[in-house]
Every structure is written in structure tokens, then in C-alpha cells.
Amino acid sequence: MSTEGCYERNFTLQMALENAQRTRKQCRVLRLDISNAFGSVTHHHILSTLCRLGLPDGIIDLVWELYDGCSMTIWDTDGETAQIPIRSGVRQGCPLSPIIFNLAMEPLLQVVASSPRRLDLYGQKLSVLVYTDDLILHANDAAELQQELDVMSEEAR
């Protein structure tokens, strides 16, 4: 598994903190690790996001075929259970799952990235750093950071 994105995110965060210290400005940081991220995204959300992002119908149909009617059974000493429908989570081991998860996260990240409250780092405006299901929000002060968290929480619902 490549860790290049993780190093890049950490380097950017380090630079933001050093820049804040050097310029004597405040910098507030909040690290979020989405609990059960890969297992909690609903299939409905995946498909509606693909449509909203304007992906071609052929791609959406392919993903629909992967997730429509997913179910599982459990074997125990008494035998096999009835089929249990699976309505959330990306498929384990599927090479498309990381891409599908990233696309499902896109609306949330777009809302945060469109915020006017951004940290200025050498002329680049930053509001969130992301590596898979780990997010780092940063802002100039605690009130701005709370506003970013509120916006993100509302969109995540």
C-alpha cells in the first residue's frame, strides 16, 4: 500500500503549523477518523453520488450490478441463516472499492473545500487534508474550526 499521500498530508500540516508559528498567527487543527468509514457508506448514497457527479450511465449501471441485491448468510452449529440483506459498505477485496469510497466522500469534501474560511499557506488556501477516511480540518481560530466541523457534520448526515 502506498503511503505517499499520507506523507504529503503530514508534510503539508507540518508546514502550516510552522508557518503559523513563524508569522505568529493562530492555527487550529482537528483530526477526524471516520468510524467504520468503508462499512458505513450506504449503497443508496454511493449510487446517488455517482449520478450527482455526472458519471456515465454505463459506470453507474456497473456499480449498481455490484451492489444491488447484496446479501449474506451465516453458518453456525444449527445450520445456515436466511439471507441477510447488505445495504451499506463497499465490497471487501474489490479493486473498485477504494475508488467508489473516494467518490462517495466527494460531496462532503466539496462542501468543506468551498468554505470561505481557509488557512493561507504560502498563497495556497487550505481547508481540509484527507487521506482515505482520515481528515484534518484546520482554521485560523477555534470559532472557524467549529464552523467547519458543523458544516461537515451537517453534510455527513
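User: In this predicted model, what makes helix 3 and helix 5 roughly perpendicular to each other?

Analyst: The axes of helix 3 (residues 43-52) and helix 5 (residues 97-113) come within 9 Å and cross at roughly 70 degrees. Angles of 65 to 115 degrees count as roughly perpendicular, and the two helices are therefore described in that way.

User: Which residues meet where helix 3 and helix 5 pack, and how do they divide by class?

Analyst: From helix 3 come His45, Ile46, Thr49, Leu50 and Arg52, which meet Ile100, Leu103, Ala104 and Pro107 of helix 5. Six of the residues in this contact are nonpolar, two are polar and one is charged.

User: Why is helix 3 called roughly antiparallel to helix 4?

Analyst: Helix 3 and helix 4 (residues 57-67) pack with their axes 10 Å apart and at an angle of about 175 degrees. An angle over 145 degrees counts as roughly antiparallel, so helix 3 is roughly antiparallel to helix 4. In this contact, His43, Ile46, Leu47, Leu50 and Cys51 of helix 3 meet Ile60, Val63, Trp64 and Tyr67 of helix 4, and the classes are eight nonpolar, one polar and no charged residues.

User: How do you know that the span of helix 6 agrees with what its number of residues predicts?

Analyst: Helix 6 (residues 142-156) has 15 residues, which at 1.5 Å a residue should span 21 Å, and because its end C-alpha atoms are 21 Å apart, the two values agree.

User: What shows that the buried residues of helix 6 line one face of the helix?

Analyst: The buried residues of helix 6 are Glu144, Leu145, Glu148 and Met152. Seen down the helix axis, these buried residues fall within an arc of 100 degrees, so they line one face of helix 6. In general, an α-helix has 3.6 residues a turn, so residues three or four places apart point the same way. Ala143 and Glu154, on the other side of helix 6, are exposed, whereas the buried residues are covered by elements including strand 1 (28-33), helix 5 and strand 9 (134-139).

Definitions and conventions:
Residues are numbered from 1 along each chain as its sequence is written. This is a predicted model: local features need pLDDT of at least 70, side-chain atom pairs count only at pLDDT 80 or more; totals for chains, interfaces and linings use all residues. Side-chain values use heavy atoms; hydrogens and water are left out. Axes are lines fitted to C-alpha atoms, for helices over the stretch in contact, and angles run from 0 to 180 degrees between N-to-C directions. Helices (H or I, at least four residues) and strands (E, at least two) are DSSP runs, numbered from the N terminus. Angles under 35 degrees count as roughly parallel, over 145 as roughly antiparallel, 65 to 115 as roughly perpendicular and the rest as oblique. Contact means heavy atoms within 4.5 Å. Ala, Val, Leu, Ile, Met, Phe, Trp, Tyr, Cys and Pro count as nonpolar, Asp, Glu, Lys and Arg as charged, and the others, Gly among them, as polar. The expected span of a helix is 1.5 Å times one less than its number of residues. Buried means under 20% relative accessible area, exposed over 50%, partly exposed in between (1.4 Å probe, protein chains only). The arc is that of the directions from the helix axis to the C-beta atoms.
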